[in-house]
Amino acid sequence: MSETPKPIEEMVAEERMRAVPRWRKALVRPELGSICGTILVFVLFMFIAGDSGMFSAEGFINWGTVSAQFAILAVGACLLMIAGEFDLSIGSMIGFSGIIIALLTVQLGVPAWLAILAAFALALAIGALNGYLVIRTGLPSFIVTLAFLFILRGLTIYIAITTTSKTIIGGVREAAEGDWLAALFGGTVLKGLFSWLAEHDMIGTFVAGPRAGQPVVEGIPMLMVWALALIIVGHFILVRTKFGNWIFAAGGDAQAARYVGVPVNRVKILMFMLTAFCATVFATCQVMEFGSAAADRGLLKEFEAIISVVIGGALLTGGYGSVIGAALGALIFGVVQQGLFFAGVESSLFRVFLGVILLLAVILNTYIRRRITGER
């Protein structure tokens, strides 16, 4: 006598209650590929550039700063990609925000704090417009933001030339000196710690010139502080809040998410605003570091952000990804770029190394996830 089949609801409940081994959970995490890639990259450069100073305090700040640049942009790009959209205007937003800050402070004499807030307000408005157009028109975000890539870049160059007759505006550092908000984007922190390390011969010092005796590494750049803060906040929102669940739902199956009450349109617009915010953070740090703004800054940064996110395990189709993975992807990007310099390798090979790492990380992550979940 055959057994009576169980109701589908009972079968689903049993499947959900079934214990899943920790190793299985770990292998389906999106960070897996980037973790393996990070380990391989560090092992590789320890062998080929271990005695070059790459892993000294100065070397750490060198590649750490570059990685932080990628990480700031990758956080916004990651959350937007998980929500199922792209933003190709990130690079142009960097140049636009920087020029706005420089024009307001240097040419118009606006206080630096007010110029920075104005740049953020404009960037957030443009990000919201990007999202609104994608939602209302139904056009792919690739097309809408590609249009804004050209619009913002052309507008930035036009504004700079018509107001100053040049595309590079200097004097920002002097105009922002002593400003409370500008200090949050420029300069360094933990100067006392690094001075103490230098006094105890734990890090190098200058041996000649006006800075003789001072530590080679003055402190941790604010760019790295912003990167770490955005990674922590982004990760917390994604994995610890209801809004994070909405982001995954919006990118996984937007229509199904709407049926269960997820405000998909609002989520996507906010994610476009986040990418604009991250681009402006990057631009402000850059302007305060160099003391100038250039209309052509940010070229190809949108692709570098997307590459970092993809190395980090996010899917181009949305609904799957990790901020930690994106941060590790940015770290890989920065270490490879600077590591080749320390190793004395021809710089043109950087893109070859990056392409190989990108392929390996994505293939490894996709293969293991499919093996574990049984996907084809």
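**Exercise 1: One glutamine in its setting**

Gln338 is found in helix 15, which covers residues 323–343. This model is predicted.

Task: Work out whether Gln338 is buried or exposed.

Solution: 
- Step 1. Start with the relative accessible area of Gln338, which is 14%.
- Step 2. Recall the cut-off: a residue counts as buried under 20%.
- Step 3. Gln338 is therefore buried, because its relative accessible area is 14%.

**Exercise 2: The surroundings of Gln338**

Task: Find which residues Gln338 is in contact with, leaving aside neighbours within four places in sequence, and then look at its side chain.

Solution: 
- Step 1. With those neighbours set aside, Gln338 is in contact with Asn62, Trp63 and Val66.
- Step 2. Now turn to polar contacts: the side chains of Gln338 and Gln337 make one, at 3.3 Å.

**Exercise 3: The largest nonpolar core**

Task: In the largest nonpolar core, which residues touch the most other members?

Solution: 
- Step 1. This core has 109 residues, and Ile72 and Phe185 touch the most other members.
- Step 2. Helix 4 (residues 57–82) gives the most to the core, namely 16 residues.
- Step 3. Look around Phe185: beyond residues up to four places away in sequence, Phe185 touches several residues, including Ile116, Phe120, Trp226 and Met288.

**Exercise 4: The whole chain**

Task: How many helices and strands are in the protein chain?

Solution: 
- Step 1. Counting gives 16 helices and four strands.
- Step 2. For burial, 48% of the 376 residues count as buried.
- Step 3. For the surface, the accessible area is about 19000 Å², and 66% of this belongs to carbon and sulfur atoms.

Technical notes. Residues numbered from 1 in each chain as written. Predicted model: local features only at pLDDT ≥ 70, side-chain atom pairs only at ≥ 80, totals over all residues. Heavy atoms only, no water. Core = buried A, V, L, I, M, F, W, Y, C linked by side-chain atoms within 4.5 Å. Buried < 20%, exposed > 50% of the residue type's maximum accessible area, 1.4 Å probe, protein only. Helix = DSSP H or I, 4+ residues; strand = E, 2+ residues; numbered from the N terminus. Contact = heavy atoms within 4.5 Å. Polar contact = N/O pair within 3.5 Å; in protein donor to acceptor, adjacent residues only side chain to side chain. Areas by Shrake-Rupley, 256 points an atom, 1.4 Å probe, with all protein chains shown as cover.
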